[in-house]
Amino acid sequence: MLLLSRLAENLFWMGRYMERAENTARLLSVNYYATLESAGSAREHWRPLLELTGGEEALRARYGRVDTRSVGSWLAFDRENPSSIASSLAYARSNARGLRDRIPSEMWEAVNRAYLNLCFETGDVLDRDGLFEFCVAARDASQFFFGIAFATLPRDEGWSFMRAGQMLERADNTLRVLQGRLTPGVLGGALDPAAAMQLEQRWVQVLKGASAYEAYRKRVHAGIDPRLIAGFLLLDEYFPRSVRYSAQNLHDALEQIDRCHPGEHPGVMRLSRWLVARLEFAQVDDILLGGQPGLPDLLVDVNGVGAAITAAYFEQE
């Protein structure tokens, strides 16, 4: 049965917003406690994460400062930030509410419970040092939601749209995290011991923010090396949060959708195949050192697939 474009769009964005809530929760919890334990400018420490979620201009307009408390509030439960955990969960619930008769009741209950438990928190969370528990609850809520979907949602067109949204969001997030951390000088040049230790700590944070630390140490035996970490998160074909793995699963979901609309939207399939092919044959040094494709090129490709999905399936009824 073919889905109406409105229902397909709700499923797609429900997947994106639940994945976004989890990604933000992972990054926030790791960076928040690393900031408390490290010296240096809070602004410099938070800059990559703020760029990932839209930059610091709106944060400064809202709070008048950039520090650990304001960033924690902005990213966790400030509903004026459309990328905060609370906003993402609220948007996911709004999309799920339009699908009450299309998704299992357990899926609706999971997202509704996450909304009620987490979307009405305030700065009191920081006062009682509860941000870690808040982020863990948001991460677990997303994983629980997708676990229920995996166990109960029929593998039809609806599943594929939700999966496509989830994988598109995951690939975009990983690319933006790497782009924020791969500043000039990271991949070369001698560093004094203090700077080298700080650089290592920040790349451990990148791994932990993707729940990739143990997987990376198991696969790579050369220590904490920014180039090797970037290669793992970009090109590993087996790690579920790598860009290559996400792109392949995005393409698989779009192939299933295409079987319901055979030949109607060749542009979508061409773009998704191109993204998979670029990642399959890319070399990490080309990506990181200005070759083709670079990180900006891959981001353009990922967003191009998202735009093509919207134009093909959601902007018509």
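Tutor: The expected span of a helix is 1.5 Å times one less than its number of residues, and helices themselves are DSSP runs (H or I, at least four residues) numbered from the N terminus. This is a predicted model, in which local features need pLDDT of at least 70 and side-chain atom pairs count only at pLDDT 80 or more, while totals for chains, interfaces and linings use all residues. Residues are numbered from 1 along each chain as its sequence is written, and side-chain values use heavy atoms, with hydrogens and water left out.

Student: How do you know what length to expect for helix α5, and what does α5 reach from its first C-alpha to its last?

Tutor: Helix α5 (residues 85–97) has 13 residues, for which 18 Å is expected at 1.5 Å a residue, and the model gives 18 Å from the first C-alpha to the last, close to that expectation.

Student: What makes α5 largely enclosed by the rest of the structure?

Tutor: A residue is buried under 20% relative accessible area, exposed over 50% and partly exposed in between (1.4 Å probe, protein chains only). In α5, 10 of the 13 residues are buried, and the helix is therefore largely enclosed by the rest of the structure. Those buried residues are Ile85, Ala86, Ser87, Ser88, Leu89, Ala90, Ala92, Arg93, Asn95 and Ala96.

Student: Why does Asn31 count as buried?

Tutor: Asn31, which has its place in helix α1 (residues 5–37), counts as buried because its relative accessibility is 5%. The C-alpha atom of Asn31 is separated by 20 Å from that of Ser87, which is 56 residues apart from Asn31 along the chain.

Student: What makes the span of α8 agree with its 22 residues?

Tutor: At 1.5 Å a residue, the 22 residues of α8 should span 32 Å, and the end C-alpha atoms are 31 Å apart, which agrees. The residues buried in α8 (131–152) include Leu131, Phe134, Cys135, Val136 and Ala138.

Student: Why is α6 called roughly antiparallel to α8?

Tutor: Helix α6 (residues 105–118) and α8 pack at about 170°, with axes 9 Å apart. Angles run from 0 to 180 degrees between N-to-C directions, the axes being lines fitted to C-alpha atoms over the stretch in contact. Because angles under 35 degrees count as roughly parallel, over 145 as roughly antiparallel, 65 to 115 as roughly perpendicular and the rest as oblique, α6 is roughly antiparallel to α8. Their contact (heavy atoms within 4.5 Å) includes Met107, Ala110 and Ala114 of α6 and Phe134, Ala138 and Phe145 of α8. The residues of this contact divide into 13 nonpolar, 1 polar and 2 charged, where Ala, Val, Leu, Ile, Met, Phe, Trp, Tyr, Cys and Pro count as nonpolar, Asp, Glu, Lys and Arg as charged, and the others, Gly among them, as polar.

Student: Why are α14 and α16 called roughly antiparallel?

Tutor: Helix α14 (residues 266–281) packs with helix α16 (residues 295–314) at an angle of about 160°, their axes being 9 Å apart, and the two helices are therefore roughly antiparallel to each other. Their crossing is left-handed, a term used if the near helix is turned anticlockwise from the far one by less than a right angle (right-handed if clockwise). Among the residues that make the contact are Leu271, Trp274 and Leu275 of α14, together with Leu298, Val302 and Ile309 of α16; by class, the contact has 12 nonpolar, 2 polar and 3 charged residues.

Student: What makes α13 and α14 roughly antiparallel?

Tutor: Their axes come within 9 Å and cross at roughly 155°, and α13 and α14 are therefore roughly antiparallel to each other. The crossing in which α13 passes α14 is left-handed. Among the residues that meet are Ala247, His251 and Leu254 in α13 and Val268, Leu275 and Leu279 in α14, and the contact divides into 8 nonpolar, 3 polar and 5 charged residues.

Student: What covers the buried residues of α13?

Tutor: The cover includes α9 (157–181), α12 (226–235), α14 and α16, and the buried residues of α13 include Val243, Asn249, Leu250 and Ile257.

Student: Why does Ser211 count as partly exposed?

Tutor: Ser211, in the loop between α10 (193–209) and α11 (213–219), counts as partly exposed because its relative accessibility is 39%. Ser211 also has a positive phi of about 50° although it is not a glycine.
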